[in-house]
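Dear colleague,

I am handing over the structure we spoke about, and below it I set out what was found in it. Please read the notes with the structure open beside them.

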Amino acid sequence: MAIKGTDIVKRLPEGGKKNCKECGLPTCFAFAMKLASGGSAIEKCPYISPEVRSGLEDALAPPIRPVTIGTGANALVVGDETVLYRHEKTFVHQPGIAVLIADDESVEAVEGKIRKLKELKFGWVGQTLRADLLALQNKSGDPAKFTAIVNKVLPEVDCPLMLISQDTDALLAAHALCAGRKPLLYPVTAQNLEKVISAVKAKAAVLAVKGAGVESLVHLTKRLKEAGLEDILLDPGSRDLQSAVRDQTLIRRAALKQGFRALGYPTIAFPCFMTSDRRRETLLASMFIPKYAAVIVLSDIDEHSLLPLLVQRLNTYTDPRIPMSMEEKIYPINNPDAGSPVLITANWALTYFIVASEVEASKVPAWLCVKEAGGLGVLTAWAAGKFSGDSIAPFIRKCGIEGMVNHRRLVIPGKVARIRNELAEALPDWQIIVGPGDANEIPAYLPALVKSWKG
Ligand code: SF4
């Protein structure tokens, strides 16, 4: 539970009555309020003692710690969630989907999985959906085989890695091979805890702790925190449907509702170890997306299992308060050239996809300029003042379309015909043409328009 400003102020110098203004705010109370809302940092007050500071840092930390697995552009951030139910606010960091490769699999199987991990990508509402991690398992029990598989995949994939071995020496040896990539190590248990702590302390790693039930995780995370290792994921060890959901929910509730720091970490789920039936495994994975796993490990992927999971993940983790929107830019359709017509629309994703598909169906090469309008459709954006002549004109000037075409004809949506005159005034060198009121008229409209230009 987040600490309140009124509780913070009592811990400030002179009980919150010093009011020296050195933090840039007029009073200690104002500083406390800002600190509670995340608008300021503890360091801004030079008079807070180290003990109070450490207590405040703890109290102000997110209830579920954000954890980064991997490095660079493909690093996966999980955790930092603040609500139990998505409708309360939003879920923040999508769970990573991991593909498992065991070191006793055939060369063909290993290469097939690596290929699928690299190639299975799906364009969806302006985003690219794909699996995120590769999990390598020392299933053979032979450390040399595990080292060999790690060495094989390291140069081939640039996604975050997970290393799984019951043999702690093999796990740590594999970690040494890829410590620069901050892999996820599994399992860290009561039996190997101290060995792992002393081996990874100076090296980058995320540690997935495994217990026999939720309670048993507590002393593991407390000890890791004492050792300064806080990039932690939790596996309560449950491997059947009901207990897995129960444990995921218990952990989330304890972190968010009771503010129980020892369980304030993202969790991991293993549908791959819960069933040997691939369809059942996909269904289990689909349960862990809303029920709260931050990493979900699958035994294999194909388009039929992966795409539905990725779409479910996208829908669950899309902020319901923010409309799906397209990037403001020029979208070429049907290989346009300098003589092709220029159309403009607003950036609600649904508007874009309907208009773009109708332009594509017209078979006329065209430039579709998509203007940022708060993710709203054309009429709503116009009503909100985000798709007016005054706002479209600067976009047309700066977006680069003037350098891409050899004419100055701009087709606006028929629904906002009323902006024609103000847009013509704002863009005096452009001819403003009112296009169809409905996108489904575009396939007939565009060929006729181009024909009329050619005389
Ligand atoms: S610098 Fe510290 S003591 Fe001074 S007003 Fe700000 S919070 Fe209060």
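What share of the contacts in the protein with a separation of 6 or more is accounted for by residues 24 or more positions apart? In this model, which is a predicted one, such residues account for 66% of those contacts.

As to the overall picture, the secondary structure comes to 17 helices and 17 strands, and the C-alpha atoms fill a box of roughly 85 × 70 × 35 Å when this is taken along the principal axes. Of the 455 residues in the protein, 38% are buried.

The nonpolar residues deserve a look next. In soluble globular proteins, nonpolar side chains tend to be buried together. Here the largest nonpolar core has 73 residues, and within that core Ala 98 and Leu 233 are the residues with the most contacts. If its neighbours within four places in sequence are left aside, Ala 98 is in contact with Asp 132, Leu 133, Leu 134 and Ala 135, with Met 162, and with Val 295, Ile 296, Val 297 and Leu 298. Another core, of 37 residues, lies apart from the largest one, and Ala 346, Val 359, Ile 412 and Leu 449 are among its members.

Helix H11 (residues 278-288) packs with helix H12 (residues 303-317) at an angle of about 10 degrees, and their axes are 10 Å apart. Because angles under 35 degrees count as roughly parallel, H11 and H12 are described as roughly parallel to each other. On the H11 side the contact is made by Arg 278, Thr 282, Ala 285 and Ser 286, and on the H12 side by Ser 305, Leu 309 and Gln 312. By type, the residues of this contact of H11 with H12 divide into two nonpolar, four polar and one charged.

With best wishes

Key: Residues are numbered from 1 along each chain as its sequence is written. This is a predicted model: local features need pLDDT of at least 70, side-chain atom pairs count only at pLDDT 80 or more; totals for chains, interfaces and linings use all residues. Axes are lines fitted to C-alpha atoms, for helices over the stretch in contact, and angles run from 0 to 180 degrees between N-to-C directions. Helices (H or I, at least four residues) and strands (E, at least two) are DSSP runs, numbered from the N terminus. Angles under 35 degrees count as roughly parallel, over 145 as roughly antiparallel, 65 to 115 as roughly perpendicular and the rest as oblique. Two residues are in contact if their C-beta atoms, placed from the backbone, lie within 7 Å. Ala, Val, Leu, Ile, Met, Phe, Trp, Tyr, Cys and Pro count as nonpolar, Asp, Glu, Lys and Arg as charged, and the others, Gly among them, as polar. A nonpolar core is a set of buried Ala, Val, Leu, Ile, Met, Phe, Trp, Tyr and Cys residues joined through C-beta atoms within 7 Å. A residue is buried if 20 or more other C-beta atoms lie within 10 Å of its own, exposed if 12 or fewer, and partly exposed in between; C-beta atoms are placed from the backbone.
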